[in-house]
Amino acid sequence: MNMEISEVLERLDRIEARLAAPPKEYLSVEEASDFVGVSKVLLDEWRSKGGGPAYHKIGRRVLYSMNDLRAFASASRVEALR
């Protein structure tokens, strides 16, 4: 039970640190997958086969801009049937 409490406290510490940090303009692949709500593997597949959000490649680093991720999410919007 103590392990569960410590895990929850660690998560809360990470959330508080993110809230206190200034917003990022570019995200890593891992951060982008969390933001969009898909796995890192799926983002990797989209980069190699197409169909995912636009990205920037600087050297070996792959970065996603917040604007591109928001545009991708907006383009994926589906209206609910009534």
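This is a predicted model: local features need pLDDT of at least 70, side-chain atom pairs count only at pLDDT 80 or more; totals for chains, interfaces and linings use all residues.
Three bridges join strand β2 (residues 56-58) to β3, and the two strands run antiparallel.

Together they form a hairpin, with two residues between the strands. Gly 59 sits in that turn and has a positive phi of about 65°. Ile 58 has Arg 61 as its bridge partner in β3. Lys 57 has Val 62 as its bridge partner in β3.

Now look at the other neighbour of β3. Strand β1 (residues 26-27) is joined to β3 by two bridges, and this pair also runs antiparallel. Here Tyr 26 stands opposite Ser 65 of β3.

In general, strands of a sheet pair through backbone hydrogen bonds, either parallel or antiparallel.

How covered is β3? Four of its five residues are buried, and it is mostly covered.

| Residue | Partner in β3 |
|---|---|
| Lys 57 | Val 62 |
| Ile 58 | Arg 61 |

## The whole chain

Step back from the sheet. The protein chain has four helices and three strands. From the N terminus on, its elements run α-β-α-α-β-β-α.

What is the radius of gyration of the protein chain? It is 16 Å, whereas a compact globule of 82 residues would have one near 12 Å. The C-alpha atoms fill a box of roughly 50 × 45 × 25 Å, taken along the principal axes.

Buried residues make up 17% of the 82 residues. The accessible surface comes to about 6,900 Å². Carbon and sulfur atoms hold 55% of that surface. Now take the contacts with a separation of 6 or more in the chain: 43% of them are between residues 24 or more positions apart.

## The nonpolar core

Which residues form the largest nonpolar core? There are eight: Leu 27, Val 29, Ala 32, Leu 43, Val 62, Tyr 64, Met 66 and Leu 69. The elements that give two or more residues to this core are α2 (29-36), β3 (61-65) and α4 (66-75).

Met 66 is a core member. Leaving out residues up to four places away in sequence, Met 66 touches Lys 24, Glu 25, Leu 27 and Phe 35. Of these, Leu 27 is listed in the core too.

## Helix α2

In α2, the residues Val 29, Ala 32 and Ser 33 are buried. Seen down the axis of α2, its buried residues fall within an arc of 100°, so they line one face of the helix. Their cover includes β1, α3 (40-49), β3 and α4.

Why does Ser 33 count as buried? Its relative accessibility is 7%, and buried means under 20%, so Ser 33 falls in that class. Apart from neighbours within four places in sequence, Ser 33 is in contact with Val 38, Ser 39, Lys 40 and Leu 43. One of these, Leu 43, belongs to the largest nonpolar core.

Just after α2 comes Gly 37, which takes a positive phi of about 90°.

Ser 28 is found in the loop between β1 and α2. At 17% relative accessibility, Ser 28 also counts as buried, because the cut-off is 20%. Setting aside neighbours within four places in sequence, Ser 28 is in contact with Val 62, Leu 63 and Tyr 64.

## Helix α4

Move on to α4. Its residues Met 66, Leu 69 and Phe 72 are buried. Seen down the axis of α4, the buried residues fall within an arc of 125°, so they line one face of the helix. They pack against β1, α2, α3 and β3. The face of α4 turned away from this buried side carries the exposed residues Asn 67, Ser 74 and Ala 75.

Key: Residues are numbered from 1 along each chain as its sequence is written. Side-chain values use heavy atoms; hydrogens and water are left out. A nonpolar core is a set of buried Ala, Val, Leu, Ile, Met, Phe, Trp, Tyr and Cys residues joined through side-chain atoms within 4.5 Å. Buried means under 20% relative accessible area, exposed over 50%, partly exposed in between (1.4 Å probe, protein chains only). Contact means heavy atoms within 4.5 Å. Two strands pair if DSSP finds at least two bridges between them. The arc is that of the directions from the helix axis to the C-beta atoms. The radius of gyration is taken over C-alpha atoms; the globule rule is 2.2 Å times the number of residues to the power 0.38. Accessible areas come from the Shrake-Rupley method with a 1.4 Å probe; for residues, only the protein chains shown count as cover.
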